[in-house]
Each structure stands twice: as structure tokens, then as C-alpha cells.
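Dear colleague,

My notes on it follow.

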Amino acid sequence: MTSVASTRSRHLSSSPRFHLPGRRGWLIGLALLLGVIVTLGFRGLGIPDPEGPYAVGRYKAAVVDPARLEAHNDSGRLNRVVPLEVWYPAEVGTGSRANYIPDLELISNDLAEAGGLSPLVVWSLGLVRSSALTGAIPIESDGLPLLVFSPGNQTNVSFYAALAEDLASRGYLVVGVDHPYQVAAVLLPDGTVARYDFSMDTLPAREGVDAKVEERVADIELVVDELLSDPDDALRVAIDSTRIGVLGHSLGGLAAAEVCRSDDRIVACLNIDGQGEGGPFGTNLEDSGFADPFMFLTKESEIHPEIAARFEAAGTGSSRVVVPAADHGDFADGGLFASAFNPFDSTASDVIQVTRGFIASFFSQAMESVEDWRFDDIDAPTDVFVNVFPLGTRPSIPVLDG
């Protein structure tokens, strides 16, 4: 039986390697291979349709940091260039179907080699269906709430289309950051491909994570700077500068947490299954706490008492949502592809549905600065445990160890 457990009965306050499929690493290659050969004609590969009222437009952009040199190559490129994937709410009936992976034909070899995928699997990505549209007309708005998304380590932001499209369909401007040399492979504006920099993995574990997070934080802050200084040129739609949130998965979740602490323009932060030396709050437990609403959405049922105490200290607006059935990779699109060819396993699609619901509910309430948080209307096809802080004398669910 599906259950949603919480600390209140009905009323709630509130660096992994690139692996496309999550826990079924070998299975996804086999599933895609068999699917392309046998079942694709009548079943197909795709991600769930977004649940909001708007169509979803998408296009590529890039920003350049005039003050920061590119540290990952010696090709003579002087400045850091950050490619973006932009999803936005659009008028229904406008635009034409966009490819799931932009520029796939230009990055396929690099994506296969840097991402550890077979050429056939990479080719199969060109057959994946999504709801995003090119050339779609943006909805009329005085200013859209902005969400900046940072992906997992060695993972292109395109592999989070299930989350990004859903948020855009609900009225958010979603800007995914393809951190060059940290994602598997991304096309730069000059036509070259930035491949994952494996040299960063030779650093001591904490040093490597800290270096990657620091670079991501700088990228995210650059994106916010550029979008607020010249939004019409960069995004073609107006931004509400009072409603800016940051979210990310894994290493991107840690970067999101760090940005929330350092940038006063950010009003809400969501970390999807990213933990460092500071738990979900960042790379250092000694860093100061949060003033912004904060959600940690994870698969981990256990929580260290020090982390629990920090959630408690963060107060109203902080929450921990546990989806025990999830694998780390199920928060991205990869698990959905395996499920497309295994109708007996709905875990990945259930996780995506729950994740969509809680992310949308969190940002909706955070952007409105509510004082009385509620997560009452989320469809949960798999078990979910919710802690909304402060707990006070109420027990944590799941029960704290130690």
C-alpha cells in the first residue's frame, strides 16, 4: 500500500560518475539495444508528459564570464563559457517538436567516450520523445519565476528533461547549466566540444568535490548575473527578480546549497540526493545555516543526528523528503528508459512522479513566502516520508539513529 508519512497528520510545514540509467547500469544498455531492434516501433522511448497547463518551449543559450579564465584546457580559450538549456512556459499550439538531446549528432562520439556509453545507446537517444518545442511562443507575463538547475556529475542537463519540462509547464523559467568539463560532453558556441575532465577525479576525494562545487557555484552566480542584467537578450522573456530558486541533483544539489547560502538573491533551494562533508547543506558542516526555504529530497532513510539538528535549527521552510524505493539515478531520466521495456518495474516512473510533485509544491510555496507549509495534494505512487521542520518534540520519520 502506498503511504505518505509525515510529522503532522494532515497539515505539514514544510559525486557520482555519469550513469544514465541509475541502478540498472548494464540493463539500460541491453534494454535500449533490444528496444531499438524489437520494440521501439510499437512502444517507443519517452519521458512522461508534463502536468502543468502550458506547453514547454526550449532553446540553447550560453553566457561568458569576462573575469574568469577557463581552467580545463590549453586551447587558447581565455574565458569561461557556460552553455545553457532553457525551458519555458509557452502557448499551446505553437512551436515544433525539439530533439531530446540538442546537437546529439555533433557530440555523440564525445558523449559515448566521456559518458561511458556504447555508440548504439548514444544513437538511441536520438529516438527519445519529449514534450519540449522549438520556436514556441512564450506565455505573456510581467515576469516569470526563475529556477536554475545544476545536474549531477558527468551528466548533461538534458537528462533531467522530465523534471525541467514539468516545472516549465507550471509557469517556471528553468535554466539548466551544462557546466563545461563537468558534464559528459557539451557543444560550445565556437563549435568545439567540452568533454568531461577526468583529471579532476585524480584529486583527493574532498579536494576534488570542493573544486567542482566551487566552479559550479561560480557558473550559477554568473548565470543569475547575466539573466538579471540583460534578460531580454539572453532569455527572450521577463524574469521576476524577487522569485529566484536554485536546485540540483547530486553534485549539483551541493552546488545549489552553497549558492543559497552565499547569494541573497536566491529565495529557495532544493537539493536532490546530494551529500558532502556538510550533509545536504554543502561541502562543510561548519558553514553557517540557511535563511532560505530548503528541501532535501533523497533516497536515504537514515539521518545523522548532527544533520537532523541542523535541519531543526533552520526552522520553518526546511524539509526532508525520503523516497526509499529510489536509486540515486532514478531522479534523472535514465531509469525511465529501462522501465519502457520492462512493464513490471515502475520504480523509476514512480520516483519521477513523486519528485515532480514535491519539487513543484516546494517552489510554489517558497515563491509565495507562505508561513504555513502544506504538502497535502501530492500523488504518491510509492512510499514517501516527510519531515517538516522544526519538529520540536515530535519524532523524526524515519526514526533517527543514534
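**Helix α8 and its surroundings**

In helix α8, which spans residues 305-314, the buried residues include Ile307, Ala308, Arg310 and Phe311. Viewed down the axis of α8, the buried residues fall within an arc of 160°, so they line one face of the helix. Among the elements that cover these buried residues are α7, β12 (294-298) and β13 (318-322). Just after α8, Gly315 adopts a positive phi of about 80°. Please bear in mind throughout that this is a predicted model.

**Salt bridges**

The structure contains 21 salt bridges.

Glu51 lies in the loop between α1 (25-39) and β2 (55-65), and Arg170 in the loop between α4 and β7, so the pair ties together parts that are 119 residues apart in sequence. Arg170 is partly exposed, with a relative accessible area of 31%. Leaving aside neighbours within four places in sequence, Arg170 is in contact with Glu51, Gly52, Pro53, Tyr54 and Ala360. The C-alpha atoms of Arg170 and Tyr88 are 9.3 Å apart in space, while the two residues are 82 apart in sequence.

A further salt bridge is formed by Arg243 and Glu368, whose closest N and O atoms are 3.8 Å apart. Arg243 belongs to strand β10 and Glu368 to the loop between α10 (347-367) and β14 (384-388), so this pair ties together parts that are 125 residues apart in sequence. Glu368 counts as exposed, at 51% relative accessibility.

The side chains of Arg265 and Asp263 also meet in a salt bridge, at 2.7 Å from N to O. Arg265 is partly exposed, with a relative accessible area of 28%, whereas Asp263 is buried, at 7%.

Finally under this heading, a network of salt bridges links Asp65, Arg68, Glu70, Arg80, Glu215 and Asp219.

Ser250 is located in the loop between β10 (239-249) and α7 (251-262). Is Ser250 buried or exposed? Ser250 has a relative accessible area of 4% and is therefore buried, the cut-off for that term being under 20%. The side chain of Ser250 makes a polar contact of 3.0 Å with the side chain of His328.

With kind regards

Technical notes. Residues numbered from 1 in each chain as written. Predicted model: local features only at pLDDT ≥ 70, side-chain atom pairs only at ≥ 80, totals over all residues. Heavy atoms only, no water. Helix = DSSP H or I, 4+ residues; strand = E, 2+ residues; numbered from the N terminus. Buried < 20%, exposed > 50% of the residue type's maximum accessible area, 1.4 Å probe, protein only. Polar contact = N/O pair within 3.5 Å; in protein donor to acceptor, adjacent residues only side chain to side chain. Contact = heavy atoms within 4.5 Å. Arc of directions from axis to C-beta. Salt bridge = Lys/Arg side-chain N within 4 Å of Asp/Glu carboxyl O.
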